[in-house]
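The sequence and structure come first.

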Amino acid sequence: MKRIYSIFLGFCLSLFSVGAGAYAGARPNILMIAVDDLKPTIGAYGDAYAQTPAMDRLAAMGTAFTNAHCQQAVCGASRASVLTGLRPDTVHVWDFKSKMRDDLPDLVTLPQYFKQSGYYTASVGKLFDYRCCDGMSSNDVPSWSQPHTMVNTPDLFKNHYAIDPPEGEKPITECLDKDVPDNFYGDGLRTDTALQMMADFKKSKQPFFLAVGYKKPHLPFVAPKKYWDLYDRNTVPLAEYQQQPVGAPKFHFQDSWELRGGYSNIPEGILPEDMQREMVHGYYACVSYIDAQVDRLLKGLEANGMTDNTIIVFWGDHGWHLGDHGMWCKHTNYEQATRVPMIIVDPRMKKQAEKVTTAVEFVDITPTLIELAGLKPKGDAEGDSLKALLSNAQAPFKEFAVSQFARSYQGANDSMGYAFRNDRYRLILWIQMAFKDGERSGPLVATELYDYNKDPLETQDLSELPEYSELHERLLDSVKNFSQEYLTISWN
């Protein structure tokens, strides 16, 4: 099978290079690494407990953006924004009900743009969420020069759950630590496939855009035993603050929907400590499992002589609540759900900034990669290029990164929350809104304000406190000016 795949890919590359030979030459390759549900539990991001030597090495090779944020803390909307350079309100993907080409059939995605510019584009694993494009097997056909390769764990259900539940019933949570090789599970197999692709790309002079998407540390927490053995369950860090922020609107809280909706053994309220420890242990084990896959990819680039001419962009699609605020999973506008790891490596730069603390967002990836590759700007991209920050961590940049998530205020998901994050503060506006002439507008029904210098755990919403009224108004004015330039929202 591998031999047949290699012949097929080589044939496709040969055909493609005939039509795009004018673009060949010194253009850099692009390796995109996407990780599902990965928050910044990475040594290079200050997590001293995490065992992530490959991700740490990747950060040392380039720039770690330590204040990066997703557009929306759910995989479908987040990935649609990363891979188009468009915000959720533009691409019309906020959930799993709409597909990104329903309202924008002529949409050009980031890999599609590289494809149109002479790159050979290929993908393996989870990139777009299949529910927001044209299915799992194709993963948006126009984006890729060859058919998308998914690669799943063989006997997925059997190998992810110790006990099959009766038909129609939910499984119990599983944190499995089988003593198996990495490629027993899908993510190891995805690395195998990506390495084969690299070897095939080496035979062509065509620049490539290779996107590799990993599923862990998404639930269920399943990874080979050797990664569990890196951690002692008795010492795993538990969330320091497990209550809702004082003064925050109650409708922002999510009762660990994904966890409770998917599994049958989750008790009400704050999870017992032993269950918390098991889940945090499982999350870190899965992170280390993915770290090993990143190590294999880096070694694959080196083995194929591609390290010096391959730009790498690494991202986790959103953050993840690990018990903080009494919540698990994502689906909020809080720091733990929106903050993401994002690392960019351009080996052609003599010196990159090691860390950037400026607030940046996922829509910035599209214009950045396009500029670094020397392509013409993509006219509809809504982010800003990060190129200047890659060489100078203090370079001027826009004031806020914006995330959003809907909540029910008086009706079902009738209010959209927009979180504006700068270097210190998070201001969340809850707007009861509807589309009007292409713009989101409506009354402002609630706000939240957090100061991460004084209160990094978000224990107190400051928006209604008299001593913060001047700051609150000043940030509101700044957000209004920002929105007029970058967003299509207004409020009253």
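The side chain of T63 reaches the backbone oxygen of A353 at 2.5 Å, a polar contact (a pair of N or O atoms within 3.5 Å; within protein, one must be able to donate a hydrogen and the other to accept it, and residues adjacent in sequence count only if both atoms are side-chain atoms). T63 lies in strand β2, residues 63–65. Its relative accessible area is 0%, so T63 is buried (under 20%; exposed is over 50% and partly exposed in between, with a 1.4 Å probe and protein chains only). Beyond its neighbours within four places in sequence, T63 is in contact with residues including M342, I344, Q352, A353 and L390; contact means heavy atoms within 4.5 Å.

The model is predicted: local features need pLDDT of at least 70, side-chain atom pairs count only at pLDDT 80 or more, and totals for chains, interfaces and linings use all residues. Residues are numbered from 1 along each chain as its sequence is written, and side-chain values use heavy atoms, with hydrogens and water left out.

An open antiparallel sheet has four strands in the order β15-β16-β17-β20. Helices (H or I, at least four residues) and strands (E, at least two) are DSSP runs numbered from the N terminus, and two strands pair if DSSP finds at least two bridges between them. β15 (401–407) and β20 (444–451) each have a single partner strand, so one side of each lacks a neighbour in the sheet. From one strand to the next the twist averages 15 degrees. Axes are lines fitted to C-alpha atoms, for helices over the stretch in contact, and angles run from 0 to 180 degrees between N-to-C directions.

Strand β17 (residues 425–432) is joined to β20 by seven bridges. W430 stands opposite A446, and R426 has Y450 as its bridge partner. Six of the eight residues of β20 are buried. Helix α14 (residues 469–486) packs on the sheet and touches β15, β16, β17 and β20, its direction making about 70 degrees with that of β17.

The count of salt bridges is 26, each a side-chain nitrogen of Lys or Arg within 4 Å of a carboxyl oxygen of Asp or Glu.

| Pair | N to O distance |
|---|---|
| K225 and D229 | 2.9 Å |
| K299 and D295 | 3.1 Å |
| K378 and D380 | 2.7 Å |

K378 is buried at 8% relative accessible area, while D380 is partly exposed at 35%. D295 and K299 are four residues apart in helix α10 (residues 273–303), so about one helical turn separates them.
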